[in-house]
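Have a look at it first, and then we'll go through a few spots together.

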Amino acid sequence: MMRNRLVSVLAVIVLVTLAGCGGAISDGATTPNETTGTTPDSPSEPRNELPANSNGTLSVNYINIGQGSSTLIVGPTNETMLIDSGDWSDDGEDVLAYLRKHDIDRIDYLVTTHADADHIGGHEAVIDYFETEGDGVGTVYDPGITSTSQTYQGYLDAIEEHNVTLYETRAGDRIPFEGVETEVLAPPEGYLANGDRNENSIVVRLGFGQSNFVLPGDGATASERFLVDEYGATLNATVLSAGHHGSRSSSGSEFLDVTDPRIAVISSAYDSQYGHPHDEVLKRFSQRTIRTYWTATHGNVQLTSNGSAIAVATQYEAPTAPLELRNGEPMEPNVGDALQKRTVIPVDESAAVPDGGTTDEPTEPTDQEGTLSVVTIHEDASGNDNDNLNDEYLVFENTGDQPLELGGWSVADAADHTYTFPSGVTLDPGARVTLHTGSGTDSSSDLYWDFGRAVWNNGGDTVVVRNDSGTIVLQEEY
């Protein structure tokens, strides 16, 4: 049985104690420093670059692998963490394709949230690949609840074959992710719900500057109850990975009230056999105006934090209003289509609401000498809007007395359709520029979104402008 298989692995490796860890398994040749809690083979030099250079930022990448979950995190010094590796059915191919695409040559921390095959499906392949063709896998973290599946056995075989360090992990443990405050919030000692694998998922919280990411694996009612009781308001999350692929048993009302996320990300297939994400969860997100991304329609999703704002990049444009998610086109896993920047969300201000709710008042920037105003909103184009996109436009004016550089600023509607001003766009005092929804050649007076369909709602909408640091500088409803 698999529990015996785990015991046989332990028989050939040495049990050690990691500062802050409930249990730790080492290969016996190289052990962590018991005082500092560092791990063997911990890198000291940056190695990897993602499309938006991650150096000095925290980049959290939700990989579209269909029905399953896999998240790559790249820290400010380019250390890497991989949380889960997708479903057994593709044997890690989609995850490895993403890692190769972005020149990841080492996984410093491999986190196994739990032993289900849709979360560890690529573990064996990932370990084999990086141990034979890359710079290795530093440390594996596992909650210690076994499975009898061949997928789990293959994962343990790979650990043993390559002498990878394995830690049995509990609440209170800290993963020494350089530059990122990394906490293990669950499972507790003694386990929850009679040792149920989902309820005893490793729950990780990443802190970077003012931003926080909570990744709860497949934790459901019991796990969320433990988290709320144990941590209360300290659970606050800028970003929440929707538990259990958006299942109704997770992302409960009290848990959402405590975490109070600005952004949620759901990892599941569009045609999930389980119906993920469930309508109950989407309604709870909608009631709280949580901007929501779904790998099934947005493709790969990258959230990059500089500590005070989060830049959102996705492969595909799709609705972010929770109750409109299924209006997006289904997207199969692939790495061929590049990530595109969609918006920047400040951590310390409410973002533009994606589902028709209220928003915070914009904050006037203190480091800009010009003042941007919207003087015309021409939302109703002549004839059919979608056939006459260049007659749907906004006119902006610099009403200040100094030039205003707009490169990197963004314009969004209430549904989070976002345009980013190209570099080099500058408005002199009194100058105007028109942003057309359609296509054309940019000039000093006219810019073209090239969106492909109408953006601005003829029945009323909100224009939200953010500067290049993500601060809302203009917000106008009509």
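Let's start with some rings: Phe396, Tyr419, Phe421, Trp449, Phe451 and Trp456 make up one aromatic cluster. Keep in mind as you look that this is a predicted model. Searching the whole structure turns up 12 aromatic pairs.

One of these pairs is Tyr270 with Trp294, and it's stacked, with the ring centres 5.3 Å apart and 20° between the planes. Here the pair ties together distant parts of the chain, 24 residues apart. Tyr270 sits in the loop between β13 (263–266) and α7 (279–287), while Trp294 belongs to strand β14 (residues 291–294).

Now compare Tyr419 and Phe421, which pair up edge-to-face: 5.5 Å from centre to centre, with 80° between the planes. Tyr419 and Phe421 are both buried.

Next, on to a couple of helices. Two packed helices are described by the angle between their axes and the distance between those axes. For helix α3 (residues 123–132) and helix α4 (residues 150–161), the axes come within 8 Å and cross at roughly 20°. An angle under 35 degrees counts as roughly parallel, so α3 runs roughly parallel to α4. The crossing of α3 past α4 is left-handed.

Which residues meet there? From α3 come His123, Glu124, Ile127 and Asp128, and they meet Gly154, Tyr155, Ala158, Ile159 and Glu161 of α4. Sorted by class, this contact of α3 with α4 has four nonpolar, two polar and three charged residues.

Technical notes
Residues are numbered from 1 along each chain as its sequence is written. This is a predicted model: local features need pLDDT of at least 70, side-chain atom pairs count only at pLDDT 80 or more; totals for chains, interfaces and linings use all residues. Side-chain values use heavy atoms; hydrogens and water are left out. Axes are lines fitted to C-alpha atoms, for helices over the stretch in contact, and angles run from 0 to 180 degrees between N-to-C directions. Helices (H or I, at least four residues) and strands (E, at least two) are DSSP runs, numbered from the N terminus. Angles under 35 degrees count as roughly parallel, over 145 as roughly antiparallel, 65 to 115 as roughly perpendicular and the rest as oblique. A crossing is left-handed if the near helix is turned anticlockwise from the far one by less than a right angle, and right-handed if clockwise. Contact means heavy atoms within 4.5 Å. Ala, Val, Leu, Ile, Met, Phe, Trp, Tyr, Cys and Pro count as nonpolar, Asp, Glu, Lys and Arg as charged, and the others, Gly among them, as polar. Rings of Phe, Tyr and Trp (its six-membered ring) pair if their centres lie within 6.5 Å; planes under 30 degrees apart count as stacked, over 60 as edge-to-face and the rest as tilted. Buried means under 20% relative accessible area, exposed over 50%, partly exposed in between (1.4 Å probe, protein chains only).
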